[in-house]
Amino acid sequence: MASMATFIAQTPYPHHSFPKKLHTHFAPTLRLSLRPVSTPKTRQRLRISSALIEPDGGKLVELFVPESEKAEKKRDAATLPRIKLSRIDLEWVHVISEGWSSPLTGFMRESEFLQTLHFNSLRLDDGSFVNMSVPIVLAIDDAQKRQIGESTRVALVDSDNNLIAILNDIEIYKHHKEERIARTWGTTAPGLPYVDEAITNAGNWLIGGDLEVMEPIKYNDGLDRFRLSPTELRDEFTKRNADAVFAFQLRNPVHNGHALLMTDTRRRLLEMGYKNPILLLHPLGGYTKADDVPLTWRMKQHEKVLEDGVLDPETTVVSIFPSPMHYAGPTEVQWHAKARINAGANFYIVGRDPAGMGHPIEKRDLYDADHGKKVLSMAPGLERLNILPFKVAAYDKTQGKMAFFEPSRAQDFIFISGTKMRTLARNKENPPEGFMCPGGWKVLVDYYDSLVPADSGKVPEAVPA
């Protein structure tokens, strides 16, 4: 891995130079409670730059058809074989078309698929590498393969047969599902949510090619105003005169421990010499498993956090990350970090067991809780991104609020797990004062209350976001 890292292309933009050893790239100058993988022998002087980090591959990919060409493209598409996209397929078109996966220009062909599975990176034409850890692929079945025949292009349509995109210069290759699952998740145990939703019953072939997307993807769910593309985010950061962007991904409601971490990170960045660090609060908005709080309710809760002043709206940008969720732990967290580079973030906050989940069969976590942050510190193609490990926050009984955990007085702290939080909300009980802002907690209580029909009193199964 170290030898591969020496070939990574470096951005020509000035960027923040942190001392490295064994090609790790935590930001040690923040002196967070979790130590970096290695301790540098010498300290290099930090260079502060106001330029946003350059996208992977040097240019942000956007794949929308120009207005002047749309009529012709629609006529062409009417003559092509059609593939109907699932909801998750549409989310991946969204991701690719806006440049989150730059420099990828479409669904992966076999060479890109194999590099992703085996190397977690893609080699570019100039010999450099960019990180790519999860396959972004489109599956088709035998009947669709026969329908396509010798055609080199296909039309992609949604569930209502509306034209979404044209896939050009296609390549069809075998969908080795077991290999894909084993290498992405590190297990083939039954019960992996994304596998059950998008792979097990998918076709036995994958089709790759270059996308031409007719229009920006919209969901008309009242949340499209939050779905800022990488280009729109970069414009917003520039408008706010950001000289550092630190990204925080979540798929859960924000409590005051999260807020403490984010505000403390900004304070430390200011101490390092940055003038205007901007927080990108970036909830995941694609597919999530059934027991996660749905996106609509999470966004209501996040808005309350800003309204109640827990986070400063002047230094926070709230936007939705359109990617589906794999729950693939250290493999997937690389994708989450890489995508934020393309959106302009040069700092990424990583916590315990990022993108993880409980083992689907055994009573344990599927991944080691520390492996995500360790992998990010060494991952090929992420050298330009500064990794900020979580400081552990818990409820401090002596202060009546969330605070950074101090092992020397562990008896003063209470850890409120996600399971405990959900139980309290379901039972309409309040957490300790200072755990979450009142407005945000009310949204969470209202969500669980909405799941209980008045006549039966039973909570139905949640619906994926």
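This is a short tour of the structure above, stop by stop.

Before you click anything: the model is predicted, so local features need pLDDT of at least 70 and side-chain atom pairs count only at pLDDT 80 or more, while totals for chains, interfaces and linings use all residues. Residues are numbered from 1 along each chain as its sequence is written, and side-chain values use heavy atoms, with hydrogens and water left out.

**The whole chain**

Start by showing everything as a cartoon. The protein chain has 14 helices and 15 strands; these are DSSP runs numbered from the N terminus, with helices (H or I) of at least four residues and strands (E) of at least two. Of its 465 residues, 56% count as buried. Here buried means under 20% relative accessible area, exposed means over 50%, and partly exposed is in between, using a 1.4 Å probe and protein chains only.

**Helix 11 and helix 12**

Now select residues 329–342 for helix 11 and 371–378 for helix 12; their axes come within 9 Å and cross at roughly 55°. An axis is a line fitted to C-alpha atoms, for helices over the stretch in contact, and angles run from 0 to 180 degrees between N-to-C directions. The two helices are therefore oblique to each other. For angles, under 35 degrees is roughly parallel, over 145 roughly antiparallel, 65 to 115 roughly perpendicular, and the rest oblique.

Show side chains next. Pro330, Val333, Gln334 and Ala337 of helix 11 make the contact with His371, Gly372, Val375 and Leu376 of helix 12, where contact means heavy atoms within 4.5 Å. By class, that is five nonpolar, three polar and no charged residues. Ala, Val, Leu, Ile, Met, Phe, Trp, Tyr, Cys and Pro count as nonpolar, Asp, Glu, Lys and Arg as charged, and the others, Gly among them, as polar.

Is helix 11 buried or exposed? 14 of its 14 residues are buried, so helix 11 is largely enclosed by the rest of the structure. Just after helix 11, click Gly344, which takes a positive phi of about 105°.

**Helix 4 and helix 6**

Jump to residues 110–119 (helix 4) and 177–185 (helix 6), which pack at an angle of about 40° with their axes 9 Å apart. That makes helix 4 oblique to helix 6. Phe113, Leu117 and His118 of helix 4 touch Glu179, Arg180, Arg183 and Thr184 of helix 6. This contact divides into two nonpolar, two polar and three charged residues.

**Helix 13 and helix 14**

Select 418–426 (helix 13) and 438–450 (helix 14): they pack at about 70°, axes 8 Å apart. So helix 13 is roughly perpendicular to helix 14. Look for Met421, Arg422, Leu424, Ala425 and Arg426 in helix 13 meeting Trp441, Leu444, Val445 and Tyr448 in helix 14.

Most residues other than glycine have a negative phi, and most peptide bonds are trans. Zoom in on Ser102 and Pro103, where the peptide bond is cis, with omega near 10°. Pro103 sits in the loop between helix 3 (87–98) and helix 4.

Then pick Asn161, which has a positive phi of about 65° although it is not a glycine. Asn161 is in the loop between strand 5 (154–157) and strand 6 (163–174), and is partly exposed at 41% relative accessible area.

**Last stop: Lys218**

Where is Lys218? Look in the loop between strand 7 (205–213) and helix 8 (230–239). Lys218 and His94 are 124 residues apart along the chain, with their C-alpha atoms separated by 8.7 Å.
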